[in-house]
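Welcome, and thanks for taking a look at this one. Please have the sequence and the coordinates open while you read the short report that follows.

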Amino acid sequence: MLPIGPLMIEHRLIEKMIQVMMHQLDHIRAGNNVDSSLIETITDFIRAYADRCHHGKEEDILFRELAKKVISSEHKKIIEQLVEDHTLGRKITKSLVEANQKYRQGDQKALPVITDCLHSLVTFYPKHIEKEDKRFFLPVMAYFTEQEKDAMLAEGHEFDSNLLHEEYKNIVKQAESRIPHQP
Ligand SMILES: [Fe+2]
Ligand SMILES: [Fe+2]
């Protein structure tokens, strides 16, 4: 498998969550209450999967290796755009998490912020995925030897496996912090 194989498979799961987000956006726009726990599930997914796991492999493996190669100015430009998109995604997700917390505490002013954030994410993210899938991933594979591609694929597997352990270490850490301090 090419190192972009797992990335493309991950895109399909992210697209499914985008559908959930579109559904929730329509639901809110129809005058219904925000499903705050669903928003939390969505933002947890974006942070842990779409950003840390998926963008992590793109930036820390694929883009890092491309930076060592002489690549076309078009591909350089696309990488810059993709990194900017990742940064924008993080910013919108942070705003969505904050607005959702405020909404949960009864702040109705948070409602338009939630719809704006959802709207931004469902608008820009499919375009981002399309750019990678249709204009970037396959053409940039030509810069690498078979050995280099295999090494990136293996590094991606290791990256995922480390993340799993990191996630559960954090869960235990958070749980420990809830133990009342002994006098
Ligand atoms: Fe990306
Ligand atoms: Fe991606």
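Another link comes from His54 in helix α2 and Glu132 in helix α4: the pair ties together parts that are 78 residues apart in sequence. Please keep in mind that this is a predicted model.

## The site of ligand 1

Which residues hold the iron ion (ligand 1)? Glu58 (OE), His86 (NE2), His128 (NE2) and Glu132 (OE) coordinate the iron ion (ligand 1), at 2.1 to 2.2 Å. The site of the iron ion (ligand 1) is irregular too, with angles of 85 to 176° among its 4 donor atoms. Along the chain, the donors of the iron ion (ligand 1) follow E-x27-H-x41-H-x3-E.

Here the link across the sequence runs through the two glutamates: Glu58 sits in helix α2 (residues 36–66) and Glu132 in helix α4 (residues 110–141), so the pair ties together parts that are 74 residues apart in sequence. Are these glutamates buried or exposed? Glu58 has a relative accessible area of 0% and is buried; Glu132 is likewise buried, with a relative accessible area of 0%.

Now for the protein around the irons. It has 5 helices and 0 strands, and from the N terminus on its elements read α-α-α-α-α. The C-alpha atoms fill a box of roughly 55 × 50 × 25 Å along the principal axes. Of the 183 residues, 40% count as buried.

With 32 residues at 1.5 Å a residue, helix α3 should span 46 Å. The C-alpha atoms at its ends are 47 Å apart, which agrees. Just after α3 comes Gly106, with a positive phi of about 95°.

## The largest pocket

If you are thinking about open space, the largest pocket has a volume of about 810 Å³. How many residues line the largest pocket? The lining has 35 residues, and those nearest the centre of the pocket are Thr43, Asp44, Phe45, Arg47 and Ala48.

Each of α1 (4–29), α2, α3, α4 and α5 (146–177) supplies at least two residues of this lining. Helix α2 gives the most, with 13 residues. Sorted by class, the lining of the largest pocket has 16 nonpolar, 9 polar and 10 charged residues.

Key. Residues numbered from 1 in each chain as written. Chains lettered and ligands numbered in written order. Predicted model: local features only at pLDDT ≥ 70, side-chain atom pairs only at ≥ 80, totals over all residues. Heavy atoms only, no water. Donors = N, O, S within 2.8 Å, 3.2 Å for Na, K, Ca; no water. Tetrahedral: all angles 85-135°; square planar, octahedral: opposite > 155°, others 65-115°. Helix = DSSP H or I, 4+ residues; strand = E, 2+ residues; numbered from the N terminus. Buried < 20%, exposed > 50% of the residue type's maximum accessible area, 1.4 Å probe, protein only. Expected span 1.5 Å × (residues − 1). 1 Å grid on protein atoms, 1.4 Å probe; cavity = no way out; pocket = protein on both sides within 12 Å on 5 of 7 lines; lining within 4 Å. Points joined across faces, edges and corners; volume = space filled by probe spheres on them. Nonpolar A, V, L, I, M, F, W, Y, C, P; charged D, E, K, R; others polar.
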